[in-house]
Amino acid sequence: MDETEFWEIVDSTREAAEGDPEDQADLLVERLVRLDPEAVLDFARHFEARYNRAYRWDLWGAAAVLLGGASDDAFDFFRCWLIGQGREVFEGALHDPDSLADLLGDFDAEVDGEAEDLGYAADEAYEQLTGVVAPDLGLPPQASEPAGTPVGPEDDGALAERFPALWDRFGTG
C-alpha cells in the first residue's frame, strides 16, 4: 500500500462517516478487512509513522486550544483524530498548527479531536482476518519527548500568543 492509497482509505471512511470519529473507525475496520493481511499491516505502518510524526509540542499546544486543555491521553487521541482528518489537514497542521483555524470547519470538542478507535482499527482488522494479534510493525519507537519547543498546554496566555488564529476561533480564555 502506498501513501496515496492510505490517504484515500482515510478520506473515504471519514466522508462516509460524515466526520464522526467513532463511525469512521468502524468503517475503517470494515474497509480494511477487505484487504489482505499484509496490506492491513502496511496501512498500520502508514498510520503509526504519521502518529509518531505528530508527536510535537506545537501540535500538543494546538490540541490544548481546540480541546480546552489536553492531557497525555487526550493528545494521543487527538493525533489519531488529526490523521483521520485526511492528508490536507494533517500535513497543514504539521506545517503550521495555527493553520487548523482555517483548515477545520466546525469543531465540537465533545465529538471532534478524539479518535482513539482510529488508532486501533488496523489492529482490529488484522486480528479479524488472521485470528492473531498484529506483529510488531518494525518502526522506530515514538520519541520519549515531543519534538520542538515545549508549549504549556495549560498556559492560556502562551497558547493565545503562539496560536493566535486558533485562539481567536476556538480558545476558551
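Predicted model: local features only at pLDDT ≥ 70, side-chain atom pairs only at ≥ 80, totals over all residues.
Residues are numbered from 1 along each chain as its sequence is written, and side-chain values use heavy atoms, with hydrogens and water left out.

User: How many salt bridges does a search of the whole structure find?
Analyst: A salt bridge is a side-chain nitrogen of Lys or Arg within 4 Å of a carboxyl oxygen of Asp or Glu. The search of the whole structure gives a total of 10.

User: Which helices hold R31 and E8, the pair that links distant parts of the chain?
Analyst: The side chains of R31 and E8 form a salt bridge, 2.7 Å from N to O. The two residues are 23 residues apart. Helices are DSSP runs of H or I with at least four residues, numbered from the N terminus. R31 lies in helix α2, and E8 lies in helix α1 (residues 3–16).

User: Is R79 buried or exposed?
Analyst: R79 forms a salt bridge with D76, with the closest N and O atoms 2.6 Å apart. Buried means under 20% relative accessible area, exposed over 50%, and partly exposed in between, using a 1.4 Å probe and protein chains only. At 0% relative accessibility, R79 counts as buried.

User: Which residues of helix α8 (residues 121–130) are buried?
Analyst: Helix α8 is followed by G131, whose phi is positive, near 80 degrees. The buried residues of α8 are A121, A122, A125 and Y126.
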